[in-house]
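Got your viewer open and a selection tool handy? Load the model below and follow along.

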Amino acid sequence: DAVDQAAARGRWEAAKPVFENEWTMYTEEHPAPPDVPPNIDQAARTEVEAGCRRIRETEENIVTPAMLRIEAEDPGRHLAGLEFRCKGQDRITEKVATALEEQPSLTPQEAFASVKDAIRYTFLYAEDSYTDGVYADVERLKTAGFELVELRNSWGSEEYKAINSRW
């Protein structure tokens with residue numbers, strides 16, 4: 001297991017410079033908009049702050065420990081980018097502001113609940129075991145008590161190639 005884990009980490013370390021270069025090129029072609037604080041009222045800001053605290057507690061106490069247990073069940077793939085598993089409060093605030101702007105009838109709680117990827121994880125699979133690995137991990141997540149909401153194959157997309165699931 002340790003040898004397989006080390007090999008997978010080695011492949012990831014070898015691939016990282018390519019991804020970093022691609023990201024640099026992407027950000028040069030598509031610069032981020034200037035930082036402008038989202039225009040939301042205090043009730044919405046308070047909901048975002050409270051919601052982000054709930055997300056962090058859920059992530060730390062429930063979701064990440066479960067994901068690490070699931071990761072340990074198969075050394076043929078691993079979690080990548082774990083440091084990015086929680087969407088930042090500033091980005092959540094932007095999404096809430098956008099939802100409230102687009103749908104003024106929403107309450108701040110409803111707008112917050114519409115943020116779908118506040119906690120997210122990425123499994124990296126070897127090419128020859130990708131499909132079987134995805135199916136196995138879907139079952140592992142179900143067995144761990146997670147409920148599948150959506151499973152989307154975006155390998156046909158130009159920009160994002162993956163199987164994306166929402167739980």
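This is a predicted model: local features need pLDDT of at least 70, side-chain atom pairs count only at pLDDT 80 or more; totals for chains, interfaces and linings use all residues.

Numbering starts from 1 along each chain as its sequence is written, and side-chain values use heavy atoms, with hydrogens and water left out.

**Stop 1: helix α3**

Select residues 89-102, which make up helix α3. Helices here are DSSP runs of H or I with at least four residues, numbered from the N terminus. The 14 residues of α3 reach 20 Å from first C-alpha to last, close to the 20 Å expected at 1.5 Å a residue; that expected span is 1.5 Å times one less than the number of residues.

Now colour Ile 92, Thr 93, Val 96, Ala 97, Ala 99 and Leu 100, which are buried in α3. Look down the axis: the buried residues fall within an arc of 165 degrees, so they line one face of the helix. The arc is taken from the directions between the helix axis and the C-beta atoms. Buried means under 20% relative accessible area, exposed over 50%, and partly exposed in between, with a 1.4 Å probe and protein chains only.

What do these buried residues pack against? Show α2 (42-72) and α4 (108-113), and you have their partners.

**Stop 2: Thr 64**

Stay with helix α2 and pick Thr 64, which is buried at a relative accessible area of 8%. Its side chain joins that of Arg 85 through a polar contact of 3.3 Å (a pair of N or O atoms within 3.5 Å, where within protein one must be able to donate a hydrogen and the other to accept it, and residues adjacent in sequence count only if both atoms are side-chain atoms). Setting aside neighbours within four places in sequence, Thr 64 is in contact (heavy atoms within 4.5 Å) with Glu 59, Arg 85 and Tyr 121.

**Stop 3: the rings**

Next, show Phe 123, Tyr 125, Tyr 130 and Trp 155, a cluster linked by ring pairs. Rings of Phe, Tyr and Trp (its six-membered ring) pair if their centres lie within 6.5 Å; planes under 30 degrees apart count as stacked, over 60 as edge-to-face and the rest as tilted. That rule gives five aromatic pairs. Among them, Tyr 125 and Tyr 130 sit edge-to-face, 5.3 Å centre to centre with 75 degrees between the planes. Both of these tyrosines are buried.

**Stop 4: Tyr 135**

Buried or exposed? Tyr 135 is exposed, with a relative accessible area of 58%.

Technical notes. Helices (H or I, at least four residues) and strands (E, at least two) are DSSP runs, numbered from the N terminus.
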